[in-house]
2 protein chains.
Amino acid sequence: MSEQETGLSESLEDYLETILALEKENKVARVKDIAEMMGVLRGSVSGALKSLGEKGLVNYEPYSFITLTPKGKAIAKEIRRRHEVIHDFLANVLQLDTAQAQETACRMEHAMNRAAVDRLVKFIEYIHYCPRTGRDWIEAFVDFYSKTPPEPEQCRRCLKEWEDRRT
Amino acid sequence: MSEQETGLSESLEDYLETILALEKENKVARVKDIAEMMGVLRGSVSGALKSLGEKGLVNYEPYSFITLTPKGKAIAKEIRRRHEVIHDFLANVLQLDTAQAQETACRMEHAMNRAAVDRLVKFIEYIHYCPRTGRDWIEAFVDFYSKTPPEPEQCRRCLKEWEDRRT
DNA sequence: AGAATTTGTTTGGTACACCAAACTTTTAAG
DNA sequence: CTTAAAAGTTTGGTGTACCAAACAAATTCT
């Protein structure tokens with residue numbers, strides 16, 4: 001269970017994402033670093049790599065360095081993109097703190113497929129694109145969730161502007 | 001792995017949610033109905049119920065009808081709330097079709113904790129609360145993602161209104 | 001009530017994902 | 001170049017979640 005378009009388990013998706021990050025950081029991923037970054041033991045990594053190797057997603061010979069195959073890299077990048085988009089939404093729209101956003105994005109990235117993430121991208125773009133929204137709009141949102149209820153004063157003003165505009 | 005504040009696996013969270021739905025629909029949950037609704041065999045349900053029983057979340061004696069304990073019901077309602085909020089966002093804000101929204105919400109409900117869902121609620125409220133957003137704003141969003149790029153005409157007008165308003 | 005059907009349980013087995021720890025290979029130091 | 005350390009692998013074991021199918025209890029039908 002719990003795949004999402006990739007046909008991979010959440011766990012294997014996480015391995016690919018981690019390997020992609022390490023490939024960029026160093027040139028190559030080492031078992032030890034994967035293990036550390038994911039908080040598992042080295043033995044678990046070996047098992048996962050064997051599985052990813054059989055699926056043609058990593059180039060893996062025992063005791064060799066690890067790199068992603070083109071197919072593996074494509075999936076890894078897709079997962080990373082999901083993560084980044086979701087994190088952006090959580091941190092910059094919902095204004096969750098970075099740690100929360102990071103953690104939650106890690107879980108959500110396995111739950112949303114391409115179509116959903118694409119739509120979320122459009123949504124975020126839209127917020128920043130339409131001039132009546134943008135930065136100010138997010139700030140108003142912060143106001144909205146931090147003060148309950150919102151100030152009637154400001155609401156009346158906003159509502160009047162709204163009326164003016166549409167007549 | 002893969003719990004979220006409840007200390008339960010995704011699977012057990014799903015069982016609770018299903019039992020809650022069946023309790024409302026009928027008076028009581030039957031193993032057969034749980035199995036059908038979740039797409040598993042009856043044997044799997046028995047196992048899950050034993051586990052939920054030991055955790056004090058369902059009242060369960062072999063061959064008896066199944067009801068949630070207060071503790072179980074509280075968790076089930078929390079999960080259901082997450083599902084509903086997320087579905088609302090996906091369907092009515094992102095405008096994903098119902099099936100997509102339903103499916104994705106089913107997975108996301110295990111990935112978002114209370115704080116994140118609460119903030120999402122605030123966000124949705126905000127969209128519908130502030131008069132400069134609301135229904136019209138979602139419609140403009142639909143425009144935004146269906147036509148690419150958006151019509152410059154409408155943008156100029158919108159931008160002018162924006163300028164007028166802030167001076 | 002007694003047989004047939006439905007519903008629920010149990011058992012044995014699979015797959016996944018991990019750990020612990022023994023083991024092997026590679027790398028680094030002396 | 002030999003040995004110590006580090007890195008990687010393997011094996012056996014755990015827990016979860018499921019299926020398949022034999023089994024038991026409860027319902028329903030007659």
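Tutor: Two residues are in contact if their C-beta atoms, placed from the backbone, lie within 7 Å. Among the contacts in chain A with a separation of 6 or more, 47% join residues 24 or more positions apart. This is a predicted model: local features need pLDDT of at least 70, side-chain atom pairs count only at pLDDT 80 or more, and totals for chains, interfaces and linings use all residues. Residues are numbered from 1 along each chain as its sequence is written, while chains are lettered from A and ligands numbered from 1 in the order in which they are written.

Student: What makes up the pattern of chain A?

Tutor: Chain A reads α-α-α-β-β-α-α-α-α-α along the sequence. That is eight helices and two strands. Helices (H or I, at least four residues) and strands (E, at least two) are DSSP runs, numbered from the N terminus.

Student: Which residues of helix 4 of chain A are called buried?

Tutor: A residue is buried if 20 or more other C-beta atoms lie within 10 Å of its own, with C-beta atoms placed from the backbone. In helix 4 of chain A the buried residues include A:I75, A:I79, A:R82, A:F89 and A:L90. Across chain A, 31% of the 167 residues are buried.

Student: Why is helix 2 of chain B called roughly perpendicular to helix 3 of chain B?

Tutor: Their axes, lines fitted to C-alpha atoms over the stretch in contact, come within 9 Å and cross at roughly 110 degrees. Angles of 65 to 115 degrees count as roughly perpendicular, so helix 2 of chain B is roughly perpendicular to helix 3 of chain B. Helix 2 of chain B brings B:V31, B:K32, B:I34 and B:A35 to the contact, and helix 3 of chain B brings B:R42, B:V45 and B:S46.

Student: Which residues come nearest to DNA strand C?

Tutor: A residue is near a strand if its C-beta atom, placed from the backbone, lies within 6 Å of it. Of the 20 residues around DNA strand C, A:S9, A:G43, B:K32, B:R42 and B:G43 come nearest. Helix 3 of chain B gives the most to this surface, with five residues.

Methods:
A residue is buried if 20 or more other C-beta atoms lie within 10 Å of its own, exposed if 12 or fewer, and partly exposed in between; C-beta atoms are placed from the backbone. Axes are lines fitted to C-alpha atoms, for helices over the stretch in contact, and angles run from 0 to 180 degrees between N-to-C directions. Angles under 35 degrees count as roughly parallel, over 145 as roughly antiparallel, 65 to 115 as roughly perpendicular and the rest as oblique.
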